[in-house]
Amino acid sequence: MRILWSRAGSRVARTVAVLAACAAALTVLPAAPAARAADPVPASPAFSVRPARAALARLLPRHAAQFALEPATRPASGDFFALSGFAGHVRVRGTSPAVLLSGVNWYLKYSAGVDLGWPGRSTSALPAVLPAPAGEVHRPASVPHRFALNDTDDGYSGAYRDWPAYERQIDLLALHGVNEVFVQMGAEAAYHAALREFGYSREELRAWIPGPAHQPWWLMQNMSGFGGPLTERLVEERAALGRRIVRRLRQLGMTPVLPGYFGTVPPGFADRHPAGRVVPQGSWIGFARPDWLDPRSALFPKVAEAFYRHQARLLGTSTMYKMDLLHEGGRAGDVPVADAARSVMDALQTAQPGATWVLLGWQRNPKVEVLDAVDSSRLLVVDGLSDRYDGLDRETAWHGVPYAFGAIPNFGGHTTLGANTAVWTSRFDAWRTKPGSMLRGIAYLPEATGGNPAAFELFTELAWRTGPVDQVAWFAQYAARRYGAPDPHAARAWEWLRRGPYSTPSGRWSEPQDSLFTARPSLTVRSAGNWSPKEMRYDASTVERALSELLQVAPELRRTDAYRHDVVDTARQALANRSRTLLPQIRAAYEARDLAAFRERSAEWRRDLALLDELLAADRRFLLGPWLERARAWGWTDAEQAALEFDARSILTTWGHRSGSEAGLHDYANREWSGLVADFYAPRWARYLDGLEASLVSGARPPAPIDWFAWENAWNLKRDDHAVEPAGDPVALAERVLEALPPLARA
């Protein structure tokens, strides 16, 4: 029987978490020292290892005492870790608490032969006494900037996570070598407090700020309001949690990258302040964009000063601030972009002297007018397209500005296996070592995190390699440790996955195709997300062969958390790929007016969806219930819980209101989760297929049109419970998936 969430228990836990977060927020942290984008300030060897020790106790509670963690001075060449010791006593030296954890992870992977992934772990296979390190190791970072998290991460990974969830995210980022993390949580509190000084009421501002799941796009100046209004208490609690995140990052020697101020203002700003000239920004995919305060105006530095002052008070300070002028179609009007950039940078340097302005490399961003207008040593571009297109020359295009090699292997939180890893392993080192290279880092930028563990592990490891990575050898090593011990079937499974979804080419895309099971129904639909790949990006049989091999892995290795995750994920992908061959068969039967064939193929489609939901229910990481439970837990009243649940549901389905949804945003964040499949995708397809069948039976053409937005939004407004604990045997269910696939597809 599935376990459903308890409102009473959740409320108690929520209250405790809120009190802890508020207590943490009372301590004011000193400003961190300034650092140049291309030359981080050397760390003192006197840092405390206690934060790393605490993280190690959380990650490896049975073995933490067997690690001796020692601080080391960071040389001019940058971060490094070193490993030595003997069985039961592993000595790790490193240049920050986070780097110490990176050294621990290297030991786990390449000496102990286990994996502590995101998600999935095989550390249960560790012996009571840890093995000696495989020789003495000294491994320097090949780049100083190891950046993580897309602007969209809070929206698509979960805006309603609590402190334990963020704490684990930080631990895993540190473990994998990341040292710069974008922090959005609590940013709205700085806007709320700053704009109160410019004549806006609390009620006006809370109505302008979107619900938490939609705030990333408000911070990017794409939209406002949807999913609100927020309560005063929610703003305060999110600020307290944001401050706690910032504090933990700094304790670990990591840099919190905070949102900067570049001119976003609420409606009516110029009416209240005639000297504050604004530039209307038009619309973004069906949403009205917030106005842009002309950075040249006399009021801009005053608003910016208020923003940074309140941000420092509420969240803390940093040496890195992320912001993008005129993101995705913003309008400069008659404002010279170079002048705007200078004013934005001046305001940042006034608030935080020496701070680095971080920009996203995406579409036509950053504009060369921005790059040329300011001190390039105070800039860092985190490139979201390094692996997507060919013929890129970032040094020329960005006029010698330092940048981080980045990738977006996931859009919208799609549950899809794969990435352009062969592009990463061939391109990163070539770009880093070419004459005149300005590559200074990596940037792991999936729109949602917490899935696709092999991609995360390989990408972050690039920063700790000083030479090219052999992709074939890397996946072989990954297979050998992923389930705690080498296994020939695991090796063959991961070789098939490497050849297929993990070797997709550059040229057009950086993510694999999504599932047609999650698409708005149509016989001609080619993707669920409007901007997703329209065809298979690899040979689907590679995933089916991988699944067959995984199901033959030794029984003792199947008990690991990593195996149970991977067998569900691989079976899910194999079934999802089947949707791309089955739907054309349904279409052919319908267009031929072959009722028997249509019914047969439609029945298979429905069976596949039912099996998919049952499979996903076997692993908590593929459940809808926790996503909704977390949203409800932030609400103190029934009305507030309803509003927050709507915010959390709508981002997955319609994304927003009717105009935005029908402009292309619906199903952008599609994902195969148990509960979402059974209660949303399957009934949506059933309604559509029922209409087609009725049309065939009656001879009428075509079936009656369906107002899909109205149907989908009705689901957004539901309040029903969903399982928060897994049910079912993942191996048995994966075997059923393999049996359900057509034999020819596996030939």
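Start by selecting helix α2 (residues 50-59) and helix α3 (residues 97-112): their axes come within 8 Å and cross at roughly 40 degrees. Axes here are lines fitted to C-alpha atoms, for helices over the stretch in contact, with angles running from 0 to 180 degrees between N-to-C directions. Helices (H or I, at least four residues) and strands (E, at least two) are DSSP runs, numbered from the N terminus.

Before going on, a word on what's loaded: this is a predicted model, where local features need pLDDT of at least 70, side-chain atom pairs count only at pLDDT 80 or more, and totals for chains, interfaces and linings use all residues. Residues are numbered from 1 along each chain as its sequence is written, and side-chain values use heavy atoms, with hydrogens and water left out.

Back to the first pair. α2 and α3 are therefore oblique to each other; angles under 35 degrees count as roughly parallel, over 145 as roughly antiparallel, 65 to 115 as roughly perpendicular, and the rest as oblique. Their crossing is right-handed, meaning that the near helix is turned clockwise from the far one by less than a right angle. Show side chains for A52, A55 and L56 in α2, which meet P97, L100, L101 and V104 in α3. Contact means heavy atoms within 4.5 Å. The residues of this α2 with α3 contact divide into seven nonpolar, no polar and no charged. For those classes, Ala, Val, Leu, Ile, Met, Phe, Trp, Tyr, Cys and Pro count as nonpolar, Asp, Glu, Lys and Arg as charged, and the others, Gly among them, as polar.

Two strands pair if DSSP finds at least two bridges between them.

Zoom in on strand β5 (residues 145-148), where H145 and F147 point one way, R146 and A148 the other way, and all are buried. Buried means under 20% relative accessible area, exposed over 50%, and partly exposed in between (1.4 Å probe, protein chains only). On one side, β5 pairs with strand β17 (residues 439-444) in the parallel sense over four bridges, and A148 stands opposite Y444 in β17. β5 also pairs with strand β6 (residues 180-182), parallel again, over two bridges; look for F147 and its bridge partner E180 in β6.

Pick V257 to find its bridge partner M320 in β13.

**On to α15 and α16**

Now highlight helix α15 (residues 421-433) and helix α16 (residues 453-461), whose axes come within 11 Å and cross at roughly 0 degrees. The two helices α15 and α16 are therefore roughly parallel to each other. T421, W424 and T425 of α15 make the contact with A455, L458 and F459 of α16. α16 itself is mostly covered, with nine of its nine residues buried.

**Last stops**

Click D569 in helix α20 (residues 561-591). At 6% relative accessibility, D569 counts as buried. Leaving aside neighbours within four places in sequence, D569 is in contact with L417 and F622.

Finish at helix α21 (residues 595-616) and helix α27 (residues 730-740), with axes that come within 9 Å and cross at roughly 155 degrees. That makes α21 roughly antiparallel to α27. Here L611, E614 and L615 in α21 meet P730, L733, A734, R736, V737 and A740 in α27. This contact of α21 with α27 has seven nonpolar, no polar and two charged residues.
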